[in-house]
Amino acid sequence: MTAHWLPDDEAAAPVLVVDDDQAIRTLFVSVLRAAGVRAIAVATGDEALAVLEQRKIAALLLDSNLPDASGANLLQILREREDSRTLPVIVVTDESDIDHRVTALESGADDYLTKPIHVQELVARVRAQLRGQAEWLSVLGKRMRERNQVLSALTRGRPSHSPSETAEMICSRLAQLPGLDGSGVYAFIGDGAIIPLALHGTYAPQIRIGRPLPASLATRLRDRAGTGPWSERATPAVGGTMPSAHPVGSHGETAWAPLRSRGDLLGLLAVTGSDSTGDVFGRSLSLAIDVSAVAAALLAPSLQSWSQTETLRSAIRQIIDQHTFSTVFQPIVELDTMRVIGHEALTRFHDGTSPELRFAEAAEVGLGVALEVATITNALTALRALPEVGMISVNVSPLVLVACPDLGDILSLADRPVVLELTEHDRIDDYPRVRQAVDALGPQVRLSVDDAGSGYACLTHVLALRPAFTKLDRGWVHGIATDPVRQALVAGLQHFAQRSGCRLIAEGIETAEQLDTLRGLGVAFGQGFLLGAPKPAQGEHLVESALS
């Protein structure tokens, strides 16, 4: 080894001189030692790296021209290594070597000296870097203590059943740290969307809690999240460029750390440091990485189920917004005369999902009323292509009756009397309120209780609501031609309907034997494939009776 070693006291980290000229090495070390600054020296970049592997160095005096590598190349290596990323480096160049000087500064040098060297300037510049490093380490220690306090507080935190509340708690803890322009917790949704759960700081209008990020931004963040943590400078969106999730006005660096649980990617944690403290936080990246592990553990129990719900809610919204459903109409027939007295409007979803399941899903995520209103509106608009024969019957839940103030305006789209078929799957706790809601819609609107004999409908709805019609569940029609027990039940329901002032409509009539039996039992009206299949309105008569 060609290193020129001078004795040094191991009690403190020395300055390392790296220069292939032995005379300059000796001069620099002597001058620094005479000024009370500890120093050692080596001749090559490889030797410098070997020293850094073995001991701590306070600062580096680096010749820009070395025999084994340029100073800029060595500096790049130092800045890529974790143990020397913040090491103060003063590059020594020739007076005329401006290019090396500029390259060194661009590569991360903290200062430079030009030859010939003035010893007073050498000592002054080295001492300035050592003072700065000491102050930096003091600030860093303070910041690390503050960060550890936040992490400790987060680990003691109790997650809420609501991921938004938990995310807000995480951002509130981060807000206690100085030097941050903002923070955010973002959840990944199964359909590709990303939704901010909590935000601290000032963001652009398109970045709002609970609102999906712009699609282009969500795609970019998802792609980057798959590769691990990263950081980037705030670059405000201009014109048609991609929108930014950086806090408005920030010139610092935003670090992103994926939130993972058992291998699943749940979302992202974002931390934006101010420009003056970005280096203290390691450009905020180490803070984001540290906090993301705790945040993922706090959020995972509630976030997965919430994400599933939000995915379903997004799918229902898309169905409503894109109108991915249509209406078909099935005739309601007077059984004795086979005369069409009206039609029932039925919804069909383009993806083939059963209407019963789709409406149940919508209700589960709080969009039941919105989906019902959309399908009713569509049915009454499509009705215009249907011959003006009798009434139109549409399915409606009790909640829509009492919670949709615009229902009357929507029903006014119909060009004939309307029958509201009250679905049996929702419990009714306030019968007078439902009855009043129907009466308020006017005399052209009547009520029908759907699927009598199943669910909550049964006879209680009939007694309490006094509907104009009661629909007999298809389960009682199936097999009625050969089953005396079913016949007895239907006869009883028919008698009950007559005495209570409503008319019975049998659903699911598929055979001539069922039709004959129901006629014999006095049932007035019916529906079913025997009498007419559900079809779109096409301006033609929809009854396709097997008996015609």
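Me: Why is tyrosine 186 called buried?
Reply: Tyrosine 186 has a relative accessible area of 1%, and buried means under 20% relative accessible area, exposed over 50%, partly exposed in between (1.4 Å probe, protein chains only). Since 1% is under 20%, tyrosine 186 counts as buried. A word on the source: this is a predicted model, in which local features need pLDDT of at least 70, side-chain atom pairs count only at pLDDT 80 or more, and totals for chains, interfaces and linings use all residues. Residues are numbered from 1 along each chain as its sequence is written, and side-chain values use heavy atoms, leaving out hydrogens and water.

Me: Where is tyrosine 186 found?
Reply: Tyrosine 186 sits in strand 6; helices (H or I, at least four residues) and strands (E, at least two) are DSSP runs, numbered from the N terminus. Alanine 198 is 12 residues away from tyrosine 186 in sequence and 7.3 Å away in space, C-alpha to C-alpha.

Me: How many helices and strands are in the chain?
Reply: The chain has 17 helices and 18 strands. Of its 548 residues, 49% count as buried.

Me: How do you know that threonine 272 is buried?
Reply: Its relative accessibility is 2%, a value under the 20% limit, so threonine 272 belongs with the buried residues. Threonine 272 lies in strand 10. Apart from neighbours within four places in sequence, its contacts (heavy atoms within 4.5 Å) include Gly179, Asp181, Pro247 and Ser284.

Me: And what makes valine 396 buried?
Reply: Valine 396 has a relative accessible area of 0%, which puts valine 396 under the cut-off too. Valine 396 is placed in strand 13 (residues 391-396). Leaving out residues up to four places away in sequence, valine 396 touches Glu372, Ile376, Leu401, Leu420, Glu421, Leu422 and Thr423.

Me: Which residues touch the most other members of the largest nonpolar core?
Reply: Those are Leu154, Ile170, Leu174, Val185 and Leu269, out of 33 residues in the core. The term stands for a set of buried Ala, Val, Leu, Ile, Met, Phe, Trp, Tyr and Cys residues joined through side-chain atoms within 4.5 Å.

Me: Which element gives the most to this core?
Reply: Helix 8 does, with 11 residues.

Me: What does isoleucine 170 touch?
Reply: Not counting residues up to four places away in sequence, isoleucine 170 touches Leu154, Val185, Leu269, Val291, Ala295, Leu298 and Leu299. There is also a second, separate core of 28 residues, with Ala379, Leu383, Val400 and Val438 among them.

Me: What makes arginine 220 and glutamate 232 a salt bridge?
Reply: Their closest N and O atoms are 3.3 Å apart, and the term asks for a side-chain nitrogen of Lys or Arg within 4 Å of a carboxyl oxygen of Asp or Glu. Arginine 220 is in helix 7 (residues 215-225) and glutamate 232 in strand 8 (residues 230-233), so the pair ties together parts 12 residues apart in sequence.

Me: Buried or exposed, or in between: what is arginine 220?
Reply: Arginine 220 has 24% relative accessibility and so counts as partly exposed, while glutamate 232, at 14%, counts as buried.

Me: Which residues are linked in a network of salt bridges?
Reply: Glu344, Glu421, Lys471 and Glu507 are. Lysine 471 pairs with glutamate 421, the closest N and O atoms being 2.8 Å apart. Lysine 471 also pairs with glutamate 507 at 3.2 Å, N to O. Both glutamate 507 and lysine 471 are buried.
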